[in-house]
Amino acid sequence: MGGTFDPIHFAHLLIAEDVRRRFRLPRVLFMPSGSPPHKDEGEVTPAEHRYIMALLATSDNPHFEVSRLEIDRPGPSYTIDTLRALKAELGEGAQIYFVTGADAVLEILTWRRPDAILDEAKLVAVHRPGFDLARLDETLGAERASKITVIEAPLANISSTMIRGLAARGESIRYLTPRPVIDYIRKHRLYRRDGVAPEPFEETTT
Ligand code: ATP
Ligand code: MG
């Protein structure tokens, strides 16, 4: 499951666990993007913060892992490069399921090499409030749409944008993301808009 994860939240976790159970997958890899090609520099929280929050949110699930692949790869994070790198690591026989929300899958034609993505992975599209997956055929064409498995995972109208907005106004983000993520956001003053700069990520030397 790829994403900016700025920050990771309960909808990401709910969907990942639902897909894992439904397809009996041995593990789910959360893949925080390095520099997302469709977002401007400076608009996104430093990758190390996003990575650590993903680790904190997933640490209690033995089937969940967070990958540094896109974070450590220089340049924009293209999904096709990631899928090929994973295939090289896991072996050509590995079956990768690529989990996306409705908004993301409806935009896939704007991504680099969408047809190659559909060949490399089994795309799973999950409903998301406000986005209509009935448009999949007309948006992508029937042939591409036929390669995508649409599932009804539990719906949760949560977005990272909503969490950033609440945190910026100093409002509660309880029940939207796991407690350790909330604590981390507070500790590092992420998303605050009160003139106090967020703490830069510093590598520990000890
Ligand atoms: P932002 O508001 O910053 O775009 P986001 O909540 O959309 O954040 P992303 O990191 O952009 O989270 O999304 C990662 C993946 O999770 C995408 O495929 C996205 O469609 C999916 N996703 C995120 N939130 C939901 C949700 N509430 N329901 C279904 N899919 C979701
Ligand atoms: Mg998004």
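**Reading the sheet of a predicted model**

In this predicted model, three strands make up an open sheet with parallel pairing, in the order E1-E2-E3.

Colleague: Why are E1 and E3 said to stand at the edges?

Modeller: E1 and E3 each have a single partner strand, so one side of each is left without a neighbour in the sheet.

Colleague: How do you know that E1 (residues 2-3) and E2 pair?

Modeller: Pairing requires at least two bridges between the strands. E1 and E2 have 2 bridges, in the parallel sense, and therefore they meet the definition. Gly 2, for example, has Met 31 of E2 as its bridge partner.

Colleague: What makes E2 and E3 (residues 64-66) a pair?

Modeller: The two strands run parallel and are joined by 3 bridges; the requirement is at least two. Among the residues involved, Phe 30 has Val 66 in E3 as its bridge partner.

Colleague: Why is strand E2 (residues 28-32) described as largely enclosed by the rest of the structure?

Modeller: A residue is buried if its relative accessible area is under 20%. In E2, 5 of the 5 residues are buried, so the strand is largely enclosed.

Colleague: What makes a right-handed β-α-β unit here?

Modeller: The unit consists of E1, helix H1 (residues 10-22) and E2. Its crossover is called right-handed because the path from the first strand over the helix to the second runs clockwise, with the strands pointing away from the viewer.

How values were computed
Residues are numbered from 1 along each chain as its sequence is written. Chains are lettered from A and ligands numbered from 1 in the order in which they are written. This is a predicted model: local features need pLDDT of at least 70, side-chain atom pairs count only at pLDDT 80 or more; totals for chains, interfaces and linings use all residues. Side-chain values use heavy atoms; hydrogens and water are left out. Buried means under 20% relative accessible area, exposed over 50%, partly exposed in between (1.4 Å probe, protein chains only). Helices (H or I, at least four residues) and strands (E, at least two) are DSSP runs, numbered from the N terminus.
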